[in-house]
Amino acid sequence: MSNPLLLPYEALRARIDAKLYNDIDVLSHDHVLFFEGDTRLTETLDKDWAQSLLQTLDAEASADDLLIVVNGNLTVEGDIAIGDYHPCLLVIGNVACEVLVSGDDTIFITGDAHITHAFYGYYNDGSIQIDGTTHVPYVINSDHSSGITPSGAILINAYSDHHDFFDYDYLSGALPEVVVPEALNKGTFDAWKFIEWVRAGQSPFVEGAKPMRIANAEALEKLVSGTIKAVQELDWSDRNERKFPDAILRLRYLRKLDLSKNPITELPADLDRLENLEELHLESCRLTHLPDSIGNLKKLRVLTMSGNHDMTTLPETLANLEQLTVLKVNYMPLNFPASFARLDRLEEISLYQCYTDKTQPAPFPEFITRLKNLKRLDLRENWLASIPESFLQVQTLEEFVWTGGRTKAPNLIDYAQFKNLKKLVISRKFAAWKDIVFTITSLEHLSIDRNKEDKQYFGQDMLDLWIEMMPEQDEESRKHLEWMLAHKQAEPDGRFSVLLNPGMKPEELRGISKLEKLKSLDLSFNHLTGLPEEFFQLKNLEYIDLQYNKFTDDVKERITRTFPTANIVWQ
């Protein structure tokens with residue numbers, strides 16, 4: 001090992017351009033151990049090694065504020081395993097070691113890494129960046145920012161069942177079944193035991209264990225080479241399939257196919273080969289469009305595609321699905337063709353959080369107003385320009401979910417005109433609905449929860465800052481600040497407040513006795529102290545959610561006595 005120099009960090013800038021290594025440069029380092037040229041260490045590089053080396057240099061510096069820089073290739077006859085926040089390591093060249101561990105520390109390697117046994121990245125405070133290729137037989141990652149490009153590695157997620165930083169061969173949930181007992185600790189995967197077993201020259205996997213991509217291919221081949229007519233349902237979700245598996249098209253008797261949570265970007269043009277398909281689940285894929293051939297799946301009843309965020313249009317041919325009863329497209333900012341009104345059998349539509357731009361509220365999907373059999377509509381967390389009067393034409397509607405929904409319209413339509421409306425969910429929306437909700441006498445399920453009083457508090461300094469910033473704000477933000485200034489109230493502690501939500505008051509529940517058919521009532525998170533006398537006349541209640549209210553014991557006792565057979569949730 002060449003003798004290193006101990007430098008203040010500012011002196012390093014005269015030797016290298018530290019700005020090129022931003023992950024290192026943005027951190028605070030008081031001292032630098034600087035190795036010029038290719039360097040070989042005959043022991044493990046860890047924090048103890050760094051502190052010992054500092055002592056030999058008669059330095060008062062601590063490894064707790066140290067950066068190690070090797071301006072050349074680094075060969076370690078052992079491991080690189082710092083683990084702690086410092087020292088950090090910068091190698092301007094290649095690295096070779098037995099095991100490379102990246103934890104809370106920050107490591108930057110500009111060249112390749114040749115690792116004999118394993119790379120292990122754990123926890124999420126630190127990070128590693130290797131600009132070249134990482135040649136290693138095993139990569140174990142546990143919620144760590146691992147910026148490496150592995151070559152020839154088996155990739156293991158020791159933290160979760162998701163493909164986060166890599167396309168893994170094995171996910172956390174499968175590890176207890178595929179690794180040898182020596183790599184487990186009380187039945188749970190242990191990365192350190194795994195590494196030591198590998199270091200000892202042993203295979204860490206049980207006989208017959210196979211990476212997911214190989215197991216997927218073999219499982220599909222077995223299905224298509226068997227009795228195809230017997231395969232009528234296939235759950236192929238969360239298999240990390242990047243491309244639609246062509247073999248699935250040979251399963252022409254499939255009635256239900258689930259491909260959710262696969263990063264598939266497109267479906268095959270000849271998807272209609274699955275002519276018997278009745279249910280198709282495509283949630284949280286990466287689809288940007290659907291093939292026109294989907295309109296030829298004449299038996300399709302259920303289509304769920306929620307979470308394909310980049311899809312904004314649907315093919316006109318989808319309107320040909322005469323048997324479609326359920327359509328779920330949550331989190332998708334879709335523009336629907338008018339032809340969708342031909343979906344006469346459609347009973348359920350879910351559009352949760354599809355239109356979230358409050359500066360440009362979306363128009364209400366007009367085709368909905370012309371559906372003949374719609375029963376359930378979920379419009380939670382959407383910004384719409386309005387809900388039109390024509391929506392009242394949908395007299396088959398039985399369930400409407402509007403939690404977090406907003407429109408620019410000053411008034412609500414008369415929901416009491418929905419003669420078959422049985423379920424209404426308007427969490428956090430009671431203030432806007434209180435004059436109309438108890439006139440919807442067909443209701444059997446009502447959720448008017450989460451309406452506690454809500455105030456925003458701020459001090460004089462914050463108020464002055466807002467006033468100073470007001471000219472720079474967009475029109476909507478400026479109007480909001482003006483509203484706050486006009487409605488602020490002084491608090492006893494010297495602060496100000498504005499009332500964002502007045503909360504629900506017991507007297508505002510008067511009229512609830514009109515809902516004679518009510519079986520389920522959610523009044524949770526309202527901080528109510530009492531209930532009006534009318535509440536106790538709701539003799540058909542079977543379920544009452546009263547969590548997070550402030551009833552006295554006497555009120556609770558009366559509620560329990562009045563509804564002896566109801567399921568009452570107190571906490």
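**View 1. Asp 449, which is buried with a relative accessible area of 4%, and its salt-bridge partner Arg 450.** Buried means under 20% relative accessible area, exposed over 50%, and partly exposed in between (1.4 Å probe, protein chains only). Arg 450, at 40% relative accessibility, counts as partly exposed. The two side chains meet in a salt bridge of 3.2 Å, N to O, a salt bridge being a side-chain nitrogen of Lys or Arg within 4 Å of a carboxyl oxygen of Asp or Glu. This is a predicted model, in which local features need pLDDT of at least 70 and side-chain atom pairs count only at pLDDT 80 or more, while totals for chains, interfaces and linings use all residues. Residues are numbered from 1 along each chain as its sequence is written, and side-chain values use heavy atoms, with hydrogens and water left out.

**View 2. The salt bridge between Arg 199 and Asp 79, 2.9 Å from N to O.** The pair links distant parts of the chain, 120 residues apart, with Arg 199 in helix α5 (residues 191-199) and Asp 79 in the loop between β5 (74-76) and β6 (80-81); helices (H or I, at least four residues) and strands (E, at least two) are DSSP runs, numbered from the N terminus. Arg 199 is partly exposed at 27% relative accessible area, whereas Asp 79 counts as buried at 12%.

**View 3. The salt bridge between Arg 428 and Glu 381, with the closest N and O atoms 2.6 Å apart.** Because Arg 428 lies in the loop between β27 (423-425) and α7 (430-433), and Glu 381 in the loop between β23 (376-378) and β24 (383-384), the pair ties together parts that are 47 residues apart in sequence. Arg 428 is partly exposed, with a relative accessible area of 41%. The structure holds 29 salt bridges.

**View 4. An open sheet of 3 strands in the order β29-β31-β30, with antiparallel pairing.** Strands β29 (454-458) and β30 (489-490) stand at the edges with a single partner strand each, so one side of each is left without a neighbour in the sheet. Two strands pair if DSSP finds at least two bridges between them, and β29 pairs with β31 (residues 496-501) in the antiparallel sense over 5 bridges. Gln 456 stands opposite Val 498 in β31.

**View 5. Asp 464 in helix α8 (residues 460-469).** The residue Asp 464 is partly exposed, with a relative accessible area of 39%.
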